[in-house]
Amino acid sequence: AGMVLNDYFDYETDLKERPNRPLPSGAIPRNRALFLGILFSCFSILAAGMVGIKSLIIALILVIAVFLYDGITKGIAGLGVFNMGLCRGLNITLGMSVVSIDVIQNKLPIAFILMIYIILVTQLSKGEVSSTRRIYGVVTITGILGLTIALIYLFFSSFFPHTTVFFLFMLAGFLMFVLPGLVFVIQQPMPSNIGKAVKNCLIAI
């Protein structure tokens, strides 16, 4: 739903910048995309409601956040990236909603860490169409290293029960996957390099 609605609301921009995409090219009627976005949103809320009341409430909030991001806040500096991060954080919280409230509250740092991560990556992605300043690459790397330290702290404070050194192995793999592209962005902050770095960051989730 989020991806379909994103294309629906980005129609005017895509006409100029990405004319070959499904909606601006006319391959799919725009009103059909809106219908699908609403239909998928309703299905998601229905599915969450079948799990339980906690899941239903979080799904409702998430759907509202998605509509707000795609339709209103995306173009607002600061607020748009926060909204995108909130969507990702709520997505993780929705997955946790099958357990008790106490467990959800205890594990919320994970949703918060992912939320901050997506805020950093979304801010970096703003330079994909028009070149961004080198400072965004520096901020993204600094933020990711800070989140890495937070994860390591949680690991050694027994936040993740029954885990082994495999956790640290995966964390090292994550850093090796995302950091080279971000360093390249700092060296050459071109839209193509930014796009590749953002793609790696999203795959690394």
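Predicted model: local features only at pLDDT ≥ 70, side-chain atom pairs only at ≥ 80, totals over all residues.
**Exercise 1. Describe the surroundings of Asn 83.**

Solution. Start with the element: Asn 83 belongs to helix 5, residues 79-96. Then the accessibility: the relative value is 6%. The cut-off for buried is under 20%, so Asn 83 counts as buried at 6%. Now list the contacts, leaving out residues up to four places away in sequence: Asn 83 touches Ala 65, Leu 68, Tyr 69 and Thr 73. Thr 73 also has a polar link: its side chain and that of Asn 83 form a polar contact of 2.7 Å.

**Exercise 2. Determine how helix 7 and helix 8 are oriented, and what their contact is made of.**

Solution. Two packed helices are described by an angle and a distance between their axes. Helix 7 covers residues 134-156 and helix 8 covers residues 166-187. Their packing angle is about 170°, and the axes lie 9 Å apart. Angles over 145 degrees count as roughly antiparallel. Helix 7 and helix 8 are therefore roughly antiparallel to each other. Next, the contact residues. Helix 7 contributes, among them, Ile 141, Leu 145 and Phe 155, while helix 8 contributes residues including Phe 167, Leu 175 and Val 183. By class, the contact residues divide into 18 nonpolar, four polar and one charged.

Conventions:
Residues numbered from 1 in each chain as written. Heavy atoms only, no water. Helix = DSSP H or I, 4+ residues; strand = E, 2+ residues; numbered from the N terminus. Buried < 20%, exposed > 50% of the residue type's maximum accessible area, 1.4 Å probe, protein only. Polar contact = N/O pair within 3.5 Å; in protein donor to acceptor, adjacent residues only side chain to side chain. Contact = heavy atoms within 4.5 Å. Axes fitted to C-alpha atoms, helices over the stretch in contact; angles between N-to-C directions. Parallel < 35°, antiparallel > 145°, perpendicular 65-115°, else oblique. Nonpolar A, V, L, I, M, F, W, Y, C, P; charged D, E, K, R; others polar.
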